[in-house]
Amino acid sequence: MTNLRSRVEPGAGAPGRSVVELEATQLPRHVEMGTAGSTTLVARLWGLRLNMDPFDRPVGDGVVRELSLRHAGPDCVECRLSLELAVAATSPTIEALAGLPALVRIRLSRAPLHRVLGGRVVVVDPAHGGPDRGARGPINLEERHVVLKVAARLAHHLAEAGCRVHLTREDDRPLDGARRAAVALAARAELFVSLHTGHEEDPACRGVRVLYAGTSRSGPAAARRLAERVHGALREWPGLPDRGVAEADAALAPSGLLAASWPLVFVAVELVCLANPLDEALMRSSVFRDRLAQAVRNGLVRHHAHPPLREGVALAL
Ligand SMILES: [Zn+2]
């Protein structure tokens, strides 16, 4: 076995599929697929050996959380796929294809992702814009530009999951809070995600912080749970340092947003600290920015796929 890769295969007007491909110099003698718990898929390939060290690799595509590859015997390779959602719902298939290299291809339906996020109305808000530059890195990368790029990727990934996405701005222009709020109020959004970087000027400061607020109908507890899921996903992969989760100051949410008469959650995600040279360098990478966007999407998946038990319901043990 020589290689392992993953990708998302788009569906034409329908949910696509997550694809994991294992390359080998020959076909496996026998292939079997099973589960280890409800969210872990296990594929065993007999007649193959790893010619690399066993490893775990984050995928974070909204369906596949992580891949791991190791020996399960002298001539058996085991590939484990940790999923965000139940294995059974993804209708997994496996096929072996002769050739050089030989391929073992596992496909998982992304329909469960649509069942969790599909139809949700989300506003993605790249903060600042125009003369309001936001934070600036030591080599002059500006917050108003980088959050716009991450917002475009987040909008793409949420739309791919079936969300109805509205962006407050798609270019570099000034935008006041009332106009940002108006986008959410007109769309009856249930979630408003504002993208920032940290504004600290200390170059030693790194990592992610998520601030939250809810309307009177959603309440702070639900907003905090969502913020914690998004924060946790960004901490896990791409593995950002921790600057915490906190309730937002009243002035941070766009003016009028929290007066909505329906449950609406506001989160402000400070993705990195732009004053830090390493965080600034990372933000110049389109791959890194896409990972940030995917992590925010994964936080939403986890929030909606694993709702808390209703308060007051006792568990019978
Ligand atoms: Zn900002």
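Where is His-128 found? His-128 sits in the loop between strand E10 (121–126) and helix H2 (143–160). Helices (H or I, at least four residues) and strands (E, at least two) are DSSP runs, numbered from the N terminus.

## About the model

This is a predicted model: local features need pLDDT of at least 70, side-chain atom pairs count only at pLDDT 80 or more, and totals for chains, interfaces and linings use all residues. Residues are numbered from 1 along each chain as its sequence is written, and side-chain values use heavy atoms, with hydrogens and water left out.

## Two domains

The domain assignment gives domain 1 (3–112) and domain 2 (118–305). Such bounds come from an automatic or database domain assignment. The domain centres, taken over C-alpha atoms, are separated by 32 Å. Domain 1 gives 10 residues to the contact, and domain 2 gives nine residues. Contact means heavy atoms within 4.5 Å.

Is His-128 buried or exposed? His-128 counts as buried because its relative accessibility is 11%. Buried means under 20% relative accessible area, exposed over 50%, and partly exposed in between (1.4 Å probe, protein chains only).

Asn-140 also lies in the loop between E10 and H2. Phi of Asn-140 is near 70°, again a positive value in a residue other than glycine. Asn-140 has a relative accessible area of 49%, so it is partly exposed.

## The loop between E8 and E9

Gly-99 lies in the loop between strand E8 (93–97) and strand E9 (102–109). Its relative accessibility is 41%, so Gly-99 counts as partly exposed. Pro-74 is 25 residues from Gly-99 along the chain, and their C-alpha atoms are separated by 24 Å.

Pro-101 is found in the loop between E8 and E9 as well. A cis peptide bond joins Leu-100 to Pro-101, with omega about 0°.

## Strand E13 and Ala-213

Ala-213 is part of strand E13 (residues 208–214). Ala-213 is buried because its relative accessible area is 11%. Which residues does Ala-213 contact, leaving aside its neighbours within four places in sequence? They are Ala-223, Ala-248, Leu-258, Leu-264, Val-265 and Phe-266.

Gln-294 is 81 residues from Ala-213 along the chain. The C-alpha atoms of these two residues are separated by 22 Å.

## Helices H4 and H6

Helix H4 (residues 219–236) and helix H6 (residues 286–305) have axes that come within 8 Å and cross at roughly 135°. Axes are lines fitted to C-alpha atoms, for helices over the stretch in contact, and angles run from 0 to 180 degrees between N-to-C directions. H4 and H6 are therefore oblique to each other. Angles under 35 degrees count as roughly parallel, over 145 as roughly antiparallel, 65 to 115 as roughly perpendicular and the rest as oblique.

Which residues meet where H4 and H6 touch? From H4 they include Ala-222, Leu-226 and Val-230. From H6 they include Leu-292, Ala-295 and Val-296. By class, this contact has nine nonpolar, three polar and four charged residues. Ala, Val, Leu, Ile, Met, Phe, Trp, Tyr, Cys and Pro count as nonpolar, Asp, Glu, Lys and Arg as charged, and the others, Gly among them, as polar.

Pro-238 lies in the loop between H4 and strand E14 (242–247). A cis peptide bond joins Trp-237 and Pro-238, and omega is about 20°.
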